[in-house]
Amino acid sequence: MSKTAKLEHEDKLVKKALEIGVKMAKMQGFELPQSPQPTKVKAVYLFLVDAKQITPLPESKLDGANIKHRLALWIHSALPDNDPLK
């Protein structure tokens with residue numbers, strides 16, 4: 001799959017990534033903000049980068065759409081093959 005390819009269920013994958021990312025942060029002792037989605041997306045992204053779960057985006061591509069796509073790719077690769085979102 002191309003890195004820039006649109007995933008079939010990208011919005012649902014982002015939602016799942018946020019859910020899992022928040023749970024992972026909580027397990028590590030971090031309380032991420034339960035604020036509007038753009039802030040929450042960036043908080044989860046920064047947590048996952050710090051936890052070395054995903055590679056950071058270059059500064060020039062650090063915007064909402066690219067962050068969401070990176071989160072979707074991360075959770076897509078972590079899901080089992082029989083998951084309906086795959």
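Leaving aside neighbours within four places in sequence, Gly-21 is in contact with Leu-32, Val-44 and Phe-47, where contact means heavy atoms within 4.5 Å. Gly-21 sits in helix H1; helices are DSSP runs of H or I with at least four residues, numbered from the N terminus. With a relative accessibility of 0%, Gly-21 counts as buried. Here buried means under 20% relative accessible area, exposed means over 50%, and partly exposed lies in between, using a 1.4 Å probe and protein chains only. Phe-47 is 26 residues away from Gly-21 along the chain, and their C-alpha atoms are separated by 7.8 Å.

The model is a predicted one, in which local features need pLDDT of at least 70 and side-chain atom pairs count only at pLDDT 80 or more, while totals for chains, interfaces and linings use all residues. Residues are numbered from 1 along each chain as its sequence is written, and side-chain values use heavy atoms, with hydrogens and water left out.

H1 runs over residues 10-27, has 18 residues and reaches 25 Å from its first C-alpha to its last, close to the 26 Å expected at 1.5 Å a residue. The expected span is 1.5 Å times one less than the number of residues. Along with Gly-21, the buried residues of H1 are Glu-10, Leu-13, Val-14, Ala-17, Leu-18, Val-22 and Ala-25. These residues cover an arc of only 165° around the axis, which puts them on the same side of H1; the arc is that of the directions from the helix axis to the C-beta atoms. A general rule is handy here: an α-helix has 3.6 residues a turn, so residues three or four places apart point the same way. The face of H1 turned away from the buried side carries the exposed residues Lys-12, Lys-15 and Met-27. For Lys-15, the relative accessible area is 64%. Just after H1, Gly-29 takes a positive phi of about 95°.

What covers the buried residues of H1? The cover includes helix H2 (37-50) and helix H3 (64-78). The axes of H1 and H3 come within 8 Å and cross at roughly 75°. Axes are lines fitted to C-alpha atoms, for helices over the stretch in contact, and angles run from 0 to 180 degrees between N-to-C directions. H1 and H3 are therefore roughly perpendicular to each other, a label for angles of 65 to 115 degrees, whereas under 35 is roughly parallel, over 145 roughly antiparallel and the rest oblique. Among the residues that meet are Leu-13, Ala-17 and Ile-20 in H1, and Leu-71, Trp-74 and Ile-75 in H3.

Turning to H2, its 14 residues should span 20 Å at 1.5 Å a residue, and its end C-alpha atoms are 20 Å apart, which agrees. Val-41, Ala-43, Val-44, Tyr-45, Phe-47 and Leu-48 are the buried residues of H2, and they pack against H1 and H3. Lys-52 lies in the loop between H2 and H3. Most residues other than glycine have a negative phi. Lys-52, although not a glycine, has a positive phi of about 60°. Is Lys-52 buried or exposed? At 72% relative accessibility, Lys-52 counts as exposed.

Terms used. Helix = DSSP H or I, 4+ residues; strand = E, 2+ residues; numbered from the N terminus.
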